[in-house]
2 protein chains.
Amino acid sequence: MASCRFAFAVHILAVLARHGAGGVTSQALAGSVNTNPVVIRRILAQLQRAGLVSTQKGAGAGSRIARQPDEISLGEVYRAVEPAPAFGVHPQQPNQRCCVGREIQRALGEVFAGAQEALEQALARRTLADIAEKVGAAEPTPSLRARPTKRKAS
Amino acid sequence: MASCRFAFAVHILAVLARHGAGGVTSQALAGSVNTNPVVIRRILAQLQRAGLVSTQKGAGAGSRIARQPDEISLGEVYRAVEPAPAFGVHPQQPNQRCCVGREIQRALGEVFAGAQEALEQALARRTLADIAEKVGAAEPTPSLRARPTKRKAS
DNA sequence: ACATCTGTAACCACCGCGATTACACAACCT
DNA sequence: AGGTTGTGTAATCGCGGTGGTTACAGATGT
């Protein structure tokens with residue numbers, strides 16, 4: 001799993017948690033994450049499907065968090081954004097004439113399932129509130145809105 | 001982590017565990033995994049560096065397992081073969097003018113480390129002997145060797 | 001010497017991902 | 001209604017990683 005979608009999703013939710021009821025546009029979120037608004041909207045769409053976020057369209061629109069931050073576990077966020085399993089198996093079928101090749105996939109499947117389970121349980125023990133707390137010591141973000149030009153990282 | 005190197009590595013070690021002291025060539029292993037011998041040798045090189053396997057070069061060469069199967073945990077195999085962490089972070093630096101952007105990486109780092117730890121511990125609880133046991137119910141593999149060279153009781 | 005097999009470099013094709021552009025649609029405002 | 005703003009989504013591009021393949025030097029037993 002080399003994707004950073006999960007990191008982006010947690011970042012987005014952390015910003016939304018800080019803003020509470022105030023809607024935040026994808027462009028503003030893109031400004032904080034430092035990426036393109038479309039990338040944000042793609043992740044936002046996944047979070048909507050999972051019921052973690054609600055988005056209002058049209059003028060003066062924006063997204064807001066759909067639940068209390070302490071009721072959103074990072075395990076949920078992970079599953080919302082990374083539906084594929086973290087482990088890959090043989091791309092080609094192993095040699096069925098070899099007894100190892102015949103049975104290895106089943107054996108590996110059990111191991112992978114156990115590891116995936118452990119991973120998700122570890123994530124499930126943390127909530128978005130834990131993240132927001134670590135981040136929230138500072139003052140509210142100034143000038144998240146109104147990013148007229150697209151500039152590279154400072 | 002979409003790579004299947006870990007699956008290949010476990011497969012290779014399972015075959016070696018079955019063959020015990022008899023050396024198995026990369027070509028024979030490739031026949032069981034159903035891939036190219038070079039792919040096998042690449043993984044074999046990593047397993048050698050980790051001290052899990054010993055290889056003899058030259059004519060009539062081959063690889064054999066370097067420890068008892070019940071003393072090789074899958075966590076070791078995982079670390080030998082997948083040195084990179086399973087979680088990716090922001091490819092670009094987040095916006096440092098946003099308090100979330102400033103702190104999110106540290107917060108995510110802690111979470112990721114915990115999840116990675118849980119994953120590796122889950123793998124560490126299984127050994128190669130567990131895999132070999134699930135696989136080993138059947139009879140020894142016939143005709144794993146491709147070329148009619150040395151005939152070794154398999 | 002010879003045959004065999006490993007180690008490694010080099011190269012290719014493919015896939016997934018993030019970034020970007022473009023455009024249709026929705027909602028709010030005057 | 002019309003204009004403005006912002007979402008949803010498709011299409012495309014470039015990049016990096018990965019498995020597959022070929023090629024070749026070096027090691028080693030017979």
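Guide: A helix, as the word is used here, is a DSSP run of at least four residues, numbered from the N terminus. With that in hand we can read this predicted model, in which the largest share of the surface near DNA strand C, 7 residues, comes from α3(B).

Visitor: How many residues surround DNA strand C, and which are the closest?

Guide: A residue counts as near a strand if its C-beta atom, placed from the backbone, lies within 6 Å of it. In this model 34 residues surround DNA strand C, and the closest are Thr35(A), Val38(A) and Gly58(A) from one chain, with Thr25(B) and Ala59(B) from the other. Two or more residues of that surface come from each of α3 of chain A and α2 (26–33) and α3 of chain B.

Visitor: Which residues are the closest to DNA strand D, and which element gives the largest share of the surface there?

Guide: DNA strand D is surrounded by 29 residues, of which Thr25(A), Thr35(B), Val38(B), Gly58(B) and Ala59(B) are the closest. The largest share of this surface, 7 residues, is supplied by α3(A), while α2 (26–33) and α3 (37–49) of chain A, together with α3 (37–49) of chain B, each supply at least two residues.

Visitor: How should I read the interface between the two protein chains?

Guide: The size of an interface is often given as the accessible area lost when the parts come together. Here the description is by contacts instead: 53 residues of chain A are in contact with 52 residues of chain B. On the chain A side, α1 (5–19), α2, α5 (99–124) and α6 (128–135) each give two or more residues, the largest share, 15 residues, coming from α5(A). By class, that side has 32 nonpolar, 16 polar and 5 charged residues.

Visitor: Which residues touch the most other members of the largest nonpolar core?

Guide: Of its 90 residues, Leu13(A) and Leu13(B) do. Leaving aside residues up to four places away in sequence, Leu13(B) touches Leu52(B), Ile65(B), Ile72(B), Val77(B) and Leu128(B).

Terms used. Residues numbered from 1 in each chain as written. Chains lettered and ligands numbered in written order. Predicted model: local features only at pLDDT ≥ 70, side-chain atom pairs only at ≥ 80, totals over all residues. Contact = placed C-beta atoms within 7 Å. Nonpolar A, V, L, I, M, F, W, Y, C, P; charged D, E, K, R; others polar. Core = buried A, V, L, I, M, F, W, Y, C linked by C-beta atoms within 7 Å. Buried ≥ 20, exposed ≤ 12 C-beta atoms within 10 Å, placed from the backbone.
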